[in-house]
Amino acid sequence: MIVDAQRWEEAAARLQAGELALLALWGEPGFAHMALMSRASADMQLLMLACAENRFPSVGRVHAPAIRLERAMRDLYGLEPLGSPDTRPWLRHGEPYRFLPAEGESLHQIPVGPVHAGIIEPGHFRFTANGETVVRLEERLGYAHKGTEALMAGAPLESAARLAGRLSGDSTVALALAFARATEAALGIDAPPRATWLRALMAELERLANHLGDIGAVCNDAAFAILHAQFGLLREHVLRAADASFGHRLMMDRVVPGGVSCDLAPGGEPALHALLARLREQFPGLAEVYDNTESLKDRTVGTGILLPALAEQFAAGGYVGRASGRRFDARRAPGYAPYDRLRFEVPTVQAGDVNARVYIRIREVEQSLGLLEQLLAHLPSGPLHASLPMKSAEGTALVEGFRGDVFAWIRLAGDGRVERCHLRDPSWFQWPLLEAAIEGNIVADFPLCNKSFNCSYSGHDL
């Protein structure tokens with residue numbers, strides 16, 4: 001809907017009241033866009049506001065999850081959020097930057113990053129601590145900004161699809177799927193049934209690989225290296241099975257608008273059945289070791305608690321939200337094929353600590369194994385790709401990645417090019433919650449909390 005400033009502010013008030021959840025907030029020259037979801041019905045709506053003199057009423061003024069998104073809109077498109085509580089730059093690191101103050105006796109600051117030890121993405125963390133206790137954590141991100149939206153504007157659809165899958169490499173299937181489904185929604189077409197089921201097969205393999213890696217990494221940050229090695233080995237087997245099935249360990253560029261770019265390889269089905277047998281045999285024992293190792297649980301239980309109210313306010317997706325009681329999964333609501341024909345549970349707990357986020361991952365690994373078995377058992381035959389008509393149109397999509405829900409919006413030109421596209425990674429709403437979860441913990445527990453969230457820098461920084 002094209003709305004005026006009054007309707008825009010009315011939507012912001014409904015966000016503040018908790019009636020709506022914020023899915024995305026982004027800009028383009030002269031216009032602001034906001035995607036919303038009803039908390040009661042999971043219906044989505046998209047608002048578009050013409051920004052007179054490049055100004056628009058701030059949503060962040062009444063709804064904190066919008067603040068970082070508005071800062072990015074200001075840096076990227078020069079759109080000024082009127083009344084915003086935070087007008088500092090976000091992506092422009094050459095400008096002066098003031099970290100928020102903290103008052104009290106015996107406080108000291110610990111700056112970390114943006115360059116870190118090891119091969120990880122860049123981000124700056126400013127700790128204010130009293131002794132070892134963290135009083136405040138403030139993140140400064142944006143160092144992995146690549147100008148993805150600008151590169152997509154005017155690009156051929158095929159090139160834009162490749163860029164979508166590279167916004168965050170560990171979620172390449174989920175991001176490519178969101179882009180493809182938004183394109184198909186705009187053009188009014190559906191991918192063929194076999195392509196739809198192959199997409200789900202890839203998505204669950206991606207979820208498995210990342211969850212196995214994350215569980216092991218949390219154990220490593222709690223100084224339990226043997227589980228890190230064992231879970232890392234299982235992750236490697238998932239990646240090898242993906243390579244045998246689709247010719248690429250991460251399955252990059254396999255999901256495309258209209259369907260998929262390749263079929264399941266001749267040796268793919270045996271490789272996947274062998275993978276399932278291995279995981280069914282080995283995973284339960286490793287999960288039991290985690291559960292029964294008291295020194296490990298001593299580090300994860302009660303550490304980095306995210307309150308359910310904050311998870312709900314920020315509409316936190318994936319294991320971050322579900323570990324704090326938010327029962328949301330885009331595969332269920334609003335839902336999309338073929339998950340409407342598959343049996344699976346959406347595990348949730350209320351504890352909100354590091355252990356809860358590990359527990360959700362363990363349960364989701366079990367659910368993904370069941371989904372893979374169903375997908376292989378009922379994989380339909382038929383074509384892999386539907387033809388794409390050329391017309392001017394807009395479309396949106398919401399899909400479930402391993403971190404949570406991924407949102408995509410696209411506007412197509414009549415010549416097959418992308419006029420504008422916006423992709424929102426779950427990390428936009430999870431990074432701020434890490435700041436809240438670490439408060440009152442000791443500095444040495446930050447790596448543990450950080451890994452239990454495992455937010456994407458690249459996906460967040462666009």
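In the predicted model, the charged end of arginine 126 sits over the ring of phenylalanine 99, at 4.1 Å from its centre. A charge is taken to sit over a ring if NZ of Lys or CZ of Arg is within 6 Å of the ring centre and within 35 degrees of the ring normal. As the model is predicted, local features need pLDDT of at least 70 and side-chain atom pairs count only at pLDDT 80 or more, while totals for chains, interfaces and linings use all residues. Residues are numbered from 1 along each chain as its sequence is written, and side-chain values use heavy atoms, with hydrogens and water left out.

The structure holds 12 aromatic pairs (rings of Phe, Tyr and Trp, the last by its six-membered ring, with centres within 6.5 Å; planes under 30 degrees apart count as stacked, over 60 as edge-to-face and the rest as tilted). The rings of tyrosine 319 and phenylalanine 402 form a tilted pair, because their centres are 6.4 Å apart and their planes stand at 35°. Tyrosine 319 lies in helix 11 (residues 318–322) and phenylalanine 402 in the loop between strand 12 (393–400) and strand 13 (405–412), so the pair ties together parts that are 83 residues apart in sequence. Helices (H or I, at least four residues) and strands (E, at least two) are DSSP runs, numbered from the N terminus. Both tyrosine 319 and phenylalanine 402 are buried (under 20% relative accessible area, with exposed over 50% and partly exposed in between; 1.4 Å probe, protein chains only). Elsewhere, ring pairs link Phe125, Phe127, Trp431, Phe446 and Tyr457 into a cluster.

Trp431 is also among the contacts of histidine 460, a residue of helix 16 (residues 457–461). Histidine 460 counts as buried because its relative accessibility is 0%. Leaving aside neighbours within four places in sequence, histidine 460 is in contact (heavy atoms within 4.5 Å) with residues including Arg68, Trp90, Leu141 and Asp425.

Rolling a probe the size of a water molecule over the atoms shows where empty space is left. Helix 2 (67–77) and strand 2 (20–28) each supply at least two residues of the lining of the largest cavity. Helix 2 gives the most, with five residues. The lining includes Trp26, Met73, Glu149, His422 and Trp428. A cavity is a set of points, on a 1 Å grid over the protein atoms alone, where a 1.4 Å probe fits but cannot get out, and lining residues have an atom within 4 Å of a point.

Definitions and conventions:
1 Å grid on protein atoms, 1.4 Å probe; cavity = no way out; pocket = protein on both sides within 12 Å on 5 of 7 lines; lining within 4 Å.
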